[in-house]
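Let us go through a model together, taking the overall fold before a single residue.

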Amino acid sequence: MKNNKNISDRGGFGSKLGFILAAAGSAVGLGNIWRFPYLAAKYGGGIFLLVYIIFAVTFGFTLMLTEIAIGRRTGKSVIGAYKAVDKRFSFLGVLAAVIPALILPYYCVIGGWVLKYMAVYVTNRGESVAAAEYISADSDAKISFFEHFIGQLGQPTIFFIIFVLLTSIAVFIGVEKGIEMISKFLMPVLLLLIVGISIYTLSLKGAGEGLKYYLLPNFEGFTFSKFLRTIAAACGQLFYSMSIAMGIMVTYGSYMRKEDSLESSVRQIEIFDTAVAFLAGLIIVPAVFIFSGGDSSALNAGPGLMFITLPKVFSSMPAGGVIGAAFFILVALAALTSSISLMETVVAVVMEKFNLSRTKSCCVVIVLTLVLGMLSVLGYSEWTDVKIFGMQILDFFDFSTNNLMMPVLAFLTCILIGYSVKTKYIEEEVMLGEKRFRSKLLYSVMIKFVCPVCMLMILITPFVTDI
Ligand code: PHE
């Protein structure tokens, strides 16, 4: 009886479109809008685009299909799901639950920064962000609005809390009426915004040069070692962008209807995710290019690109205030749907493991997120001296999950499917909504040989190069 109650409590997506948009909502995030464009600019424009697309339809497809199929076949949260596939691999479920629990807090801290920028632009104070200069408290150096903002304790905390609470609304309501409804509304808005802004930036004078830089392959200085680094960067970006190895796709898969086609759903999520990343590049690369007068190094600014360089770019554009507002609304929506998927993954685990209601589980997860997230907020303000293995607290959470735990989880998932339970386990699930599994051969080669090698590459590159 108790079990039955649990299963009906879990809920599920009511339609295939709802599932696709929710999963795409998870996939489309800060990675697409900020990280993809600057990686493309750094690794030879068209060369990176091509490598990325090839990986998306092979490697990305395989890993995403695997996770969704595991989720749907077992119908459980990550901890139960991995255990149900093979008892000997139960520890993977624990890892898949710990990863989102560690990412969610710092992701919400960054979400809070985005909300702050959105608030500034929507209230028409964008100019002040671009122009402001502050004097650092510890040295006499000049610092930007961004550095000044994250160096405080009060404001980043408030925006962080607001972001956590906004995330929790959909999760409190549930899968069909909360997550599905919100995704069905937000994802089309997001698409309209990104298409609108890219048309605008492409119409600016001088955009053509930037566009060429983004789309045409640039072989200048393209050595073999740079080629290898391009491959590793594309692999890593894809992996992060598709929300793989965070337990998310297993969880969302467990809410998917049995009669819907897995293969075509995965293809559509991929197309959505890659299209948004591509469009973000169409906005950022030409805009920064025009602003910097063709100096491509402005694009390599890393994290500062979004919070320091772009505001300057907006203020140099005609109607930049409006474009800036639209842009930060877009980023906030993208970040929100991603953090909803993280929170849902952790809540599903708490519900199942401790047999708690959705409401109670949400409360537990909110408290945990607030406590852990505060560590990251403090790392930039009161605790700037605290370093873990030489890293800021937020960077440490980011590095340990993205560069260590996630590739390990994905690698062992490939071993579990490729060599322990065998690909038949996934094929049977795919066949439920299909007449035939069109990519069967590709899938089996990828999961047994190519994906594990790619995962090992992602795992070792940060230690051997400067990616
Ligand atoms: N896929 C997201 C992106 O591209 C990353 C992400 C998703 C991070 C979900 C956390 C949670 O930005």
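Predicted model: local features only at pLDDT ≥ 70, side-chain atom pairs only at ≥ 80, totals over all residues.

Q: How many helices and strands does the protein have?
A: Helices (H or I, at least four residues) and strands (E, at least two) are DSSP runs, numbered from the N terminus; here the protein has 20 helices and 2 strands. Its radius of gyration, 22 Å, is close to the 23 Å that the globule rule gives for 467 residues, so the protein is as compact as a globular protein of that length; the radius is taken over C-alpha atoms, and the rule is 2.2 Å times the number of residues to the power 0.38.

Q: Is Ser-243 buried or exposed?
A: Buried means under 20% relative accessible area, exposed over 50%, and partly exposed in between (1.4 Å probe, protein chains only). Ser-243, in the loop between helix H12 (224-241) and helix H13 (248-254), counts as buried because its relative accessibility is 3%, and of the 467 residues of the protein 58% count as buried.

Q: Which residues is Ser-243 in contact with, leaving aside its neighbours within four places in sequence?
A: With contact meaning heavy atoms within 4.5 Å, the partners of Ser-243 beyond those neighbours are Ser-26, Ala-27, Glu-67, Ile-248 and Met-249.

Technical notes
Residues numbered from 1 in each chain as written. Heavy atoms only, no water.
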